[in-house]
Amino acid sequence: MSRIGKLPITVPAGVEVKLAGQDVEIKGPKGSLSLTVSEPITVAKNEAGEIEVTRPDDERESRSLHGLTRTLVNNMVIGVTEGYEKKLEIVGVGYRVISKGPTQLEFNLGFSHPVIVDAPAGVTFAVEKPTAFSVQGIDKQVVGEVAANIRKLRKPEPYKGKGVRYAGEHVRRKVGKAGK
């Protein structure tokens, strides 16, 4: 049995769960998210008001989808109650970020032009310092993807460590050219 898949998901107060066949919709104080569960997996509510994810058999596909589905539904419950946040920082002389509202950022990353990033629906940006900002939202996958795309604009390079990186990320440094 899947150690993750068999765990029930507790539904906090203020969260509404709708189950209709393979569709799961979760509404909370921060918004609503929906998911269509893959075919052999079933999602149901038990007597205690918790969500349980079950699989019909021990086939390879069912086992692989069991824990995944439970984690996706749990991430939706956490997202509509607390939300998700990815913190990023910029390292480099002259590199900075400017907030152009909660859904738009302007980056100066050493290019000949500023780079403007627009947030997709459900994602907001917060700039703490000119070299530190965060990506916030209720959908864990979308928040992670937006953060990864921003990091991709100027990845941290291994010689000086300049670029956009996740907060607390360790960049492996290389030794430069040896002088005579």
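How many nonpolar, polar and charged residues does the lining of the largest pocket have? By class, six are nonpolar, three polar and two charged. Here Ala, Val, Leu, Ile, Met, Phe, Trp, Tyr, Cys and Pro count as nonpolar, Asp, Glu, Lys and Arg as charged, and the others, Gly among them, as polar.

The model is predicted, so local features need pLDDT of at least 70 and side-chain atom pairs pLDDT 80 or more, while totals for chains, interfaces and linings use all residues. Residues are numbered from 1 along each chain as its sequence is written, and side-chain values use heavy atoms, without hydrogens and water.

The largest pocket holds about 180 Å³ of space. A pocket is an open set of points on a 1 Å grid over the protein atoms alone, where a 1.4 Å probe fits, with protein on both sides within 12 Å along at least five of seven lines. Lining residues have an atom within 4 Å of a point. Among them are Leu33, Leu72, Tyr84, Asp139 and Lys140. Two or more lining residues come from each of β3 (31-36), α1 (60-81) and α2 (140-153).

Four salt bridges are found in the whole structure. Each is a side-chain nitrogen of Lys or Arg within 4 Å of a carboxyl oxygen of Asp or Glu. In one of them, arginine 55 meets aspartate 58, with the closest N and O atoms 2.9 Å apart. Arginine 55 is buried at 14% relative accessibility, whereas aspartate 58 is exposed at 57%. Buried means under 20% relative accessible area, exposed over 50%, and partly exposed in between (1.4 Å probe, protein chains only).

Another salt bridge joins arginine 151 and glutamate 169, at 2.7 Å between the closest N and O atoms. This pair links distant parts of the chain, 18 residues apart: helix α2 and the segment after β12 (163-166). Arginine 151 is buried at 18%; glutamate 169 is partly exposed at 21%.

The structure holds one aromatic pair. The ring centres of phenylalanine 107 and phenylalanine 133 lie 5.3 Å apart and the planes stand at 65°, so the pair is edge-to-face. Rings pair if their centres lie within 6.5 Å, and planes over 60 degrees apart count as edge-to-face. Phenylalanine 107 lies in strand β8 and phenylalanine 133 in strand β11, so the pair ties together parts 26 residues apart in sequence. Both residues are buried.

Charges also sit over rings. Lysine 86 lies over the face of tyrosine 166, 5.1 Å from the ring centre. Arginine 154 lies over phenylalanine 111 at 4.4 Å. The criterion is NZ of Lys or CZ of Arg within 6 Å of the ring centre and within 35 degrees of the ring normal.

Definitions and conventions:
Grid points are joined across faces, edges and corners, and a volume is the space filled by probe spheres set on the points. Helices (H or I, at least four residues) and strands (E, at least two) are DSSP runs, numbered from the N terminus. Rings of Phe, Tyr and Trp (its six-membered ring) pair if their centres lie within 6.5 Å; planes under 30 degrees apart count as stacked, over 60 as edge-to-face and the rest as tilted.
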